[in-house]
Amino acid sequence: MGASNESLLVINNISVVYSDVIQVIKGVSLKVPRGRIVSLLGSNGAGKTTTLKAVSGLLKPENGRVTDGEIVFDGEKIHNLSPEEITRLGIIQVLEGRQPFKYLTVEENLRVGTATRWMKPYRQDLDLVYHYFPSLVQRRKTLAGYLSGGETQMLVMGRALMAHPRLLLLDEPSLGLAPLVVREIFRIIKRINEEQKTTIVLVEQNANMALRIAHYGYVMENGRVVMEGDSGYLRGNPDVKEFYLGVSAGGASRSYREVKSYKRRKRWL
Amino acid sequence: MDFFIHLFINGLSVGLLYGVSALGFVMIFKSSSVLNFAHGQLLAIGAFAFLVLVSWLKLPVALAFLVTLCGSFALGFAVERVFLRPLIGESLIFVIMLTVGLASMLKGILLLFFGGNLQTYPDFLPGWLAVQAGSVYIPPVYVASSLLGIVFLVLFGLFFKYSPQGIFMRSVADNQTAALSLGVHVKKVFALSWAIAAMVASMSGVMLGIINGINVHEISSIGLKVFPVVILGGLDSIGGAIIGGMIIGLLETFTSGYISPSLRDVIPYIVLVAILLVKPYGLFGLVEIERV
Ligand SMILES: Nc1ncnc2c1ncn2[C@@H]1O[C@H](COP(=O)(O)OP(=O)(O)OP(=O)(O)O)[C@@H](O)[C@H]1O
Ligand SMILES: [Mg+2]
């Protein structure tokens, strides 16, 4: 049994370039085992979103390109496919920053999730989504633009579930949400992974929460993977502790400036 | 009073047709942000296709109408495939210039075949379509065109509200990247919006042709009237396009009825400028939901 049989997704030494000149990913490799949650950590601008978009094919509309290496999903090379083809293989990305269809109702948003198999019935899938996200039920007919942040995050995740994903790429689901809501969302992510057997790549800045539910993690900096390991190992690692878990290793905290360089302000692209 | 009512009905039914054809224009704009300057030519092609089928080939009217609708649906699809698709991802100004070029090309072809003279359809609408209410007489054309306009509107509404493809089209208009991330075939959505726009335009072209007669220049210029209509209604509101159409239709008929027919085509643009000065987003422009 080769490694590609245990891994649903293999990213092999890829480089990504935007507008033919700006290189943002430099030789990233990672593996996502079937049925697992793999977390991708790193500070702003590390290249996490770009890595996800390389997998889902969404680089193209942004004028980005995988210039080197290969991305293999379930034995098939996918780095030259279009998003339409990639989604139909079962790879669904939930975009960063919660992007509902504001002028569609909650249920219409969910129906867009059936685009990859739109002639098929979808009632049961709706029920499944409402089962995981019960708070969406009584908001079914509300325009998505009027939902709260937490509800919106649930909606965009539910929308992705409608597509029967085999690989779910979640980009910062905790972004800008209250701690209680974050905990709720992560609990549901774990349940989806366990009950639906969905393989998940979880991009997060909230390393603490992410490493609690992930099985394995990668840390990216400046377009490279700088560290990887089991969640338990990463949580115990002094560097991860200091920069991503907000715990100081040696008791005495490092200078504010040094830490801050890892917590650059979020850029809005 | 009768004259007023006559003008009113005339204005409303012509305006409804303006509104319905503006809908197609709005649909292309909403899904792909392209301003289609060849919209009037799509109306004209529909009107002349119907003329060929009815007057030259002597097909039964209903069949001819159906063939015209299906043909223009296919034409819209083809135009998107051949001319627009290669430009996806290019700067919008190129795409808009392309539609300007397309407009003069199509107009040239029509002039070549049909010349610039006024032509008319044979009179085929049955007399029983007319409505006589007291002293007010509504001729069959107005009844027929209003009914058709309303039928198209209802079909439009149902399609967008309930059908999967309609919902996908709205999702693309709403957030294209998110639609892509869920596997919506965005290029198919563009093609479908051109196809539907062309079909609706040809319906309006035929009805306006029955009302006013058909002439390449006249019908093509309706494409420009789409601008005051949609700007009045807001470029992204469908209900607004309909109301905008009716307002322009009424303005036109009242101007030519009470002031002078030669001012008919000027007034809408004066109103357009006035409204743009006061409400730059149109009377019914979308209220942006800002939350997240
Ligand atoms: N469309 C683009 N064109 C050019 N450069 C881009 C583009 N998108 C992202 N970049 C650059 O690529 C780098 C990585 O960005 P990316 O969004 O992948 O980071 P990230 O790890 O997701 O960060 P964050 O945590 O802030 O979301 C950044 O320096 C960014 O400026
Ligand atoms: Mg990101």
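**Notebook: chains A and B of a predicted model**

Entry 1. I take a salt bridge to be a side-chain nitrogen of Lys or Arg within 4 Å of a carboxyl oxygen of Asp or Glu. By this rule, I find two salt bridges across the interface of chain A and chain B.

Entry 2. I noted the conventions. This is a predicted model, in which local features need pLDDT of at least 70 and side-chain atom pairs count only at pLDDT 80 or more, while totals for chains, interfaces and linings use all residues. Residues are numbered from 1 along each chain as its sequence is written, chains are lettered from A and ligands numbered from 1 in the order in which they are written, and side-chain values use heavy atoms, with hydrogens and water left out.

Entry 3. I then looked up the whole interface. Contact (heavy atoms within 4.5 Å) links 33 residues of chain A with 28 residues of chain B. Between them the two chains bury about 2,800 Å², 63% of it on carbon and sulfur atoms; this is the accessible area (1.4 Å probe) that two parts lose on being put together, summed over both.

Entry 4. Which elements give two or more residues to the side of chain A that touches chain B? I listed α3 (83-88), β6 (91-94), α4 (106-112) and α6 (149-161) of chain A. Helices (H or I, at least four residues) and strands (E, at least two) are DSSP runs, numbered from the N terminus. The largest share of this side, four residues, comes from α3(A).

Entry 5. I turned to helix α5 (residues 140-162) of chain B, which has 23 residues and reaches 33 Å from its first C-alpha to its last, close to the 33 Å expected at 1.5 Å a residue. The expected span is 1.5 Å times one less than the number of residues. Among the buried residues of α5(B) are B:Gly149, B:Phe152, B:Phe156 and B:Phe160. Buried means under 20% relative accessible area, exposed over 50%, partly exposed in between (1.4 Å probe, protein chains only). The buried residues of α5(B) pack against several elements of chain B, including α1 (2-32) and α8 (186-212).

Entry 6. In helix α8 of chain B I looked up B:Ser204. B:Ser204 counts as buried because its relative accessibility is 0%. Leaving aside neighbours within four places in sequence, B:Ser204 is in contact with B:Leu17, B:Val20, B:Ser21 and B:Leu43.
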